[in-house]
Amino acid sequence: MRRLPCLISILIVAIPGIAQNQSGSDVVPYKNRSLPVEQRVQDLLGRMTLQEKVAMLSGANWMQTVSNKRLGIPSIKMADGPLGIRSWAGPSSETKMEIGETQVLTTAFPAGVAMGATWDTDLLQSEGQAIGQEVKALGRDMILGPTVNINRTPLWGRNFEGYGEDPYLNARLAVAYIKGVQSEGVIATVKHFAANNQEFERHRINAKVDERALHEIYFPAFKAAVEEAGVWSVMSAYNKVNGVYCAENSALLKDVLQKQWGFKGFVVSDWGSTYSTVDTVNAGMDLEMPGGEPMKAWLNKPDTQASGNGGGWLVSDKVLPEIESGKISTATIDDNVGRMLRVMYISGQFDKPHPPTGEIDTPAQRTVARKAATESIVLLKNAGDLLPLNASKIHSLVVIGPNAAVARTGGGGSSLVKPKYSITPLKGIQDRAGERVQVSFALGAAMEGEDPSKETRDAREQLRNEAANAAAKADVAIIVVGRSPALESEGFDIKSLDLPAGQDDLIEAVAKANRHTVVVINAGGPVVMTKWIAQVPAILDMWYDGQEGGNAIADILFGDTNPSGKLPVSFVKEWKDSPTHGHYPGQNLQVDYAEGIYVGYRYFDKQKIEPLFPFGYGLSYTKFDYSDLKISPSEVSPGKPVEVSLQVRNSGSRSGAEVVEVYVHDGHPGLDRPVEELKGFRRVDLAPGEMEVVHFTLDRSAMAFYSTAKKDWVTEPGQFEVLVGSSSRDIRLKGSFILNGEPGGSGGTSATLLSPEVTRPFLLSLHRSDP
Ligand code: BGC
């Protein structure tokens, strides 16, 4: 609030005509803040020429929309995400120019998959809010995140950005993130709609996905983003879905997004994903990005075209003739432009643009990054209770590995954040261990591609031997292995699930030299551990854990915080066990999602394949007991909820958090339903001996499946099992309820499609806080 006078003076200088015309009867309706948004949108549309409207359909440059000085329409200024705000460099230099030559250093939050491992919706909301604050502080209006594409294959280069393999977890976390961002009056962009689940040929690949899998697996986070979080923007994906590019896919953008879910915000293309004018505009693509001169220069580069990017289709020269010819109607243009205007009004941007004045990477924002990093770490193995380490008993520690003395905060590509500082695992461990413990470092193996001189056979052997010798002399050896943003990134998929160059051999050698060996995985997803898992007593997964990763891993290693992360993705023993083995990366530019709805644990359950570590898995230093499962009522009418409660008790000797997971199985014979599906989860913090009753509500969506015959979500009467556990394969309590049929009905109950009227009030009611 203290900055308000300053904001107003900036407004008066920057946008003449706006400040003196905020409300009152002499003010033109579109500038009158006291009028309803829709009235202002329609009034403004009525004052715009066709040329002015069409000019807004493609960007002004790399990261901004076209403004309109005559009418005082601001430009929407974007920032890339979602793991914090991307450092602007290279082709984003347009945005960089605006804030002078200052480098953009922002808070690096943990990767999406790490946030997924926290199962903490409050935390995701805090992260979203912190990111929203930083976006505003930089004078931007929109963040290009969250990424909610499902981790279909463990080889996807962007697995680290997404929240995992389960649509329910994904949806809950996405909703929280978006609410956090938008509570700051910043536009969130849920991306990439839809079925963008691999980087291989991402510009040309056709994802052949059946309708049920789309609705049950790939859509839920987008649907929840629209219906529950009232997201203001959706980014379409590069790929084709069932034969049609996402940017011109009216089945996706018009039928599902607009008609079924009632989306009232605007769709933005992914950068360079448009291939036509008429089909794209008519499909409901509101904004083509990038635009202007940067777009032209970029498209002129041979590499841009060669990799399959498309663009420059929604520029005035192309759109206006199609309106003239009658292939695009002016009503369509009004709808597309109206969506952008609506969001500018609802987000508050029209009335109060964000001045680039705020602070970035505040102590409060760093605290969110640290909490998230710590909560995300998953304890995968802890034989003989090697962990937590007791700093008062240890005299020497050696920290080894290509990821030990470097902070790998995120994966590569458009999400990569450059933080003001970052803590390496080595530094975090040194700081925590204190003066008394001797902490040494050995590289052990070079990260693939970083220093070829260290990758020769002899060099590798030498590095490995040095590390093993150091391990033999230390009380404990901690090896930090994994990948790097150069190996795990947007733009290409991961070569192999095996750890890169020489890291497996390094672990074996160190484990042989010191039986107190802890392996820490620092990567965006699963790695194969077959070669060494039996020889290593303790394994932690720290993902890409943002700028505070080193402190977080020290918190967990020394037991300052009890590990509470749970896997948001299943870990396979071997690549051949993956549901996508044989159905990835496709042939002749088509990838067949032949596994249908059986993605992740749904597949392992159905095929009776033992994963290395199952979905939802994560150990603790304490022990949690589950009891007293209550399910009420035992028979429920269609559409009515079922209440589930149970007791969780910390029966160990340390404080800690447990994530309680609720799965449902539809036991109706003859229906093709997964063995279990996540339908609820909750983190509970418990002191030793403390008990808490945890409540869940299973509503209709926990029982329904998508019927392709009815083109709708339906439920079938019958028995539903409720499975409560600590992971998808550690079910502690079981119960059931009966879903009754409709009185006099044939059984199936049709879902009510949410109409735009249902979602609009929520969309409109989201407030931004005053700057
Ligand atoms: C990515 C998007 C990103 C955009 C803008 C694209 O290559 O797929 O996620 O937001 O670039 O940088």
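A polar contact is a pair of N or O atoms within 3.5 Å, where within protein one atom must be able to donate a hydrogen and the other to accept it, and residues adjacent in sequence count only if both atoms are side-chain atoms. The model described here is predicted, with local features needing pLDDT of at least 70 and side-chain atom pairs counting only at pLDDT 80 or more, while totals for chains, interfaces and linings use all residues. Residues are numbered from 1 along each chain as its sequence is written, and side-chain values use heavy atoms, with hydrogens and water left out.

**Ligand surroundings**

- Among the 13 residues around the ligand, those that come nearest are Asp80, Arg158, His192, Asp270 and Glu490, a residue being near when one of its heavy atoms lies within 4 Å.
- By class, this shell holds 7 charged residues (Asp, Glu, Lys and Arg), together with 4 nonpolar ones (Ala, Val, Leu, Ile, Met, Phe, Trp, Tyr, Cys and Pro) and 2 polar ones (the others, Gly among them).
- An N or O atom in the side chain of aspartate 80 is 2.3 Å from an oxygen atom of the ligand, and polar side-chain atoms of lysine 191 and tyrosine 238 each lie 2.8 Å from a ligand oxygen.
- The protein buries 95% of the 310 Å² that the ligand exposes when taken alone, with areas from the Shrake-Rupley method and a 1.4 Å probe.

**Aspartate 120**

- Aspartate 120 sits in the loop between helices α5 (112–118) and α6 (121–137), where helices are DSSP runs of H or I with at least four residues and strands are runs of E with at least two, numbered from the N terminus.
- With a relative accessible area of 9%, aspartate 120 is buried, a term that means under 20% with a 1.4 Å probe and protein chains only.
- A polar atom of the aspartate 120 side chain lies 3.2 Å from the backbone nitrogen of aspartate 122, and one lies 3.1 Å from the backbone nitrogen of leucine 123.
- Not counting residues up to four places away in sequence, aspartate 120 touches Leu173, Lys371, Glu375 and Arg683, contact meaning heavy atoms within 4.5 Å.

**Threonine 274**

- Threonine 274 lies in the loop between strand β8 (266–268) and helix α11 (278–283), and counts as buried at 1% relative accessibility.
- The side chain of threonine 274 makes a polar contact of 2.6 Å with the side chain of glutamate 288.

Methods. Buried means under 20% relative accessible area, exposed over 50%, partly exposed in between (1.4 Å probe, protein chains only).
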